[in-house]
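Biologist: I am new to this one, and I would like to learn how the descriptions follow from the values. Could you show me the structure, and then let me ask about the terms?

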Amino acid sequence: MLKVNFKPLDRLADFAFLLGHVLQVEDRPWLPGIQTPDTRALLLDQADGFFRKTIAPLRIVGDAEGTRFEDGRVVTPSGFRAAYEQLIEGGWHASPVPEEEGGIGLSTLISQCIEEMGAGANIAFQMFHGFTASAIHVVRLFGESWLANLVNPKLVAGKWSATMCLTEPEAGSDLTNVRTRAVVQADGTYRISGSKIFISAADHDLTDNIVHIVLARARDLEGQERPGLAGLNVFAVPKWSFRDGARNGVEVVAIEHKMGLHGNPTCAVEFENAVGHLLAPGKHGSAAGMAPLFEMMNHARLSTGIGALGVAAAAMEMAHQYATERRSGRAMGSAAVRSAPADPIILHPDVRRMVMSGWAFVEGGRAMISWTALLIEEARHHPDPDVRQESALLAQLLTPIIKAFLTDHAHAVCDDCIQIHGGHGYVRETGIEQFVRDVRITRIYEGANGIQAQDLVMRRMTVGDGMAVRVLLGQIDAFLDAQSNSGPNIIMNGLKQATMHLEAAVALANDYRSARPDILLTCSTDLLELFGLVLVGWRLAVSATIARHVGEELFTHKRLLAEQWAVRHAVLSGSLLERMKCANLAFDAGDASTWR
């Protein structure tokens, strides 16, 4: 089943297939910013060329040089500033921003393709502008009109950049422990004081100003503050004052020396009476004051998953090429090339296994992301309010799965790419080991993956009394029913079995939630993994089914990947269900209080 002549599908061809055939964007007239097929292809081709030729070569440069902290400021690696100027000239940093605001105005369906390409080329570089589009969106939604009119044109023009400042030394994902304070002033501004850590690109020499989106605990004029989440609000805090251009009370005091992403600074930031501007005004002291944060956080989670997939795709391109060129040993059976002294290592079964699994993940994950992007657009623009509601719930359900499942597996795929290279993969000269170091942090970003699993089982699955889960499982079952007349095959049998296991796991999770939520949290990562296995398998199966009507070569390609996922990954669904059934054993070993 694992064909030795398997060739990777060019990503531009895969984007075109997903958009034009699988999602049929031309048949959805309510979709804005989708462009014509020819214009869309031209845009993506230009982006592909730019990221491959201009940004990708800086990946190793940034890793070798790193960022430098000199005289209280961050200096970026050689070539970054010139590349950033070209990025801004092309408008790639703000591709989803509406044209009337100065952006390209592309649909999320297209902008996520550009985001994947950028991360695959150089994820450290990508992170300098990674929050720009979401900051524009958040300021537009929640900022006062004068603030949006001032800030957003600068962000769109690339003259300013943005960060998200949440983490503190004693408050990582536990936002209730945030201690940064914001004291309201008579003029309506706030004075922000406190420490933030692990802030990506909090200082650099690429833009004239940096707008920090800061989470802080607000105090009123009497100095009173509310405890818990209700006391938290979100503020726009510039490095240089919005009003007079003077230096604000924002100072980067150090940058981290870290495992990867050397080309992007991870900063410790001190705010000392910095002037900040409240987002979502009028919501002070209520949960609604956190709305800008949740909006930006959801965008960041999806972007993290997309970025990790982009890195995995880039690593697979290198590994696949190496496997076809590197000769070592003799392959067994008819695959051997008897006229040569040794065979390409891709002819060896274990290398083929890693290559096929890696591409199945990349193309299946990409298909899952594109479908999620369609759901996001449906939630915003579909003329039917019921469809808007259903799609919004599905997108919410998928967000932690995309973030956690894709980052976990992207890291594993990049690790396999080192294995494919053998000893050459472990040395820096090859460039492949950098992918593992760079992608590893994505499993921690925006809430570690265990927290994503907790969010899935305790919040996302329960919204609307579990409506999103029912809709998702219903759509998968409907697809399987529609294919029932095609006869038994590996793909559908594997997907059907995995879906049955997922349905049983969901029922078990609901039982745990009401009786033993501690046990549910113990097995939440297993349930998230099961969701991911089924979703990727489903989207691969959909792609294979549709590819049958597009062309024989494409169909063979998509069928092989869907079969690979079914026999090597979807089959793990049963063991995940069994682990969930035995989750209570984690508590039978003794009182958890004795583990402290």
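Modeller: Happy to. A search of the whole structure, which is a predicted model, finds 27 salt bridges.

Biologist: What makes the contact of Asp-48 and Arg-11 a salt bridge?

Modeller: Their side chains meet at 2.8 Å, N to O. The cut-off is 4 Å between a side-chain nitrogen of Lys or Arg and a carboxyl oxygen of Asp or Glu, so the pair qualifies. Asp-48 sits in helix 2 (residues 37-55) and Arg-11 in helix 1 (residues 11-22), 37 residues apart.

Biologist: Are these two residues buried or exposed, and how do you know?

Modeller: Buried means under 20% relative accessible area. Asp-48 has 9%, so Asp-48 counts as buried. Arg-11 also has 9% and is therefore buried.

Biologist: Why is the pair of Glu-378 and Arg-28 called a salt bridge?

Modeller: The N to O distance is 3.7 Å, and the limit is 4 Å. Glu-378 belongs to helix 9 and Arg-28 to the loop between helix 1 and helix 2, so this pair ties together parts 350 residues apart in sequence.

Biologist: How do you know that the buried residues of helix 19 line one face?

Modeller: The buried residues of helix 19 (residues 573-581) are Ser-573, Gly-574, Leu-576, Leu-577 and Met-580. Looking down the helix axis, they fall within an arc of 160°, so they line one face. They pack against helix 15 (490-515) and helix 17 (524-547).

Biologist: Why are helix 9 and helix 18 called roughly perpendicular?

Modeller: The axes of helix 9 (residues 349-381) and helix 18 (residues 552-568) cross at roughly 105° and come within 9 Å. Angles from 65 to 115 degrees count as roughly perpendicular, and therefore these two helices do.

Biologist: Which residues meet there?

Modeller: Among them are Trp-359 and Phe-361 in helix 9, and Leu-560 and Trp-565 in helix 18. By class, the contact has seven nonpolar, three polar and four charged residues.

Biologist: What makes the phi of Phe-198 worth a look?

Modeller: Most residues other than glycine have a negative phi. Phe-198 is not a glycine, yet its phi is positive, about 60°. Phe-198 is placed in strand 5 (residues 190-200). Ala-280 also has a positive phi, near 60°. Ala-280 is in the loop between strand 9 (266-278) and helix 8 (291-325), and at 7% relative accessible area Ala-280 is buried.

How values were computed:
Residues are numbered from 1 along each chain as its sequence is written. This is a predicted model: local features need pLDDT of at least 70, side-chain atom pairs count only at pLDDT 80 or more; totals for chains, interfaces and linings use all residues. Side-chain values use heavy atoms; hydrogens and water are left out. Buried means under 20% relative accessible area, exposed over 50%, partly exposed in between (1.4 Å probe, protein chains only). Helices (H or I, at least four residues) and strands (E, at least two) are DSSP runs, numbered from the N terminus. The arc is that of the directions from the helix axis to the C-beta atoms. Contact means heavy atoms within 4.5 Å. Axes are lines fitted to C-alpha atoms, for helices over the stretch in contact, and angles run from 0 to 180 degrees between N-to-C directions. Angles under 35 degrees count as roughly parallel, over 145 as roughly antiparallel, 65 to 115 as roughly perpendicular and the rest as oblique. Ala, Val, Leu, Ile, Met, Phe, Trp, Tyr, Cys and Pro count as nonpolar, Asp, Glu, Lys and Arg as charged, and the others, Gly among them, as polar.
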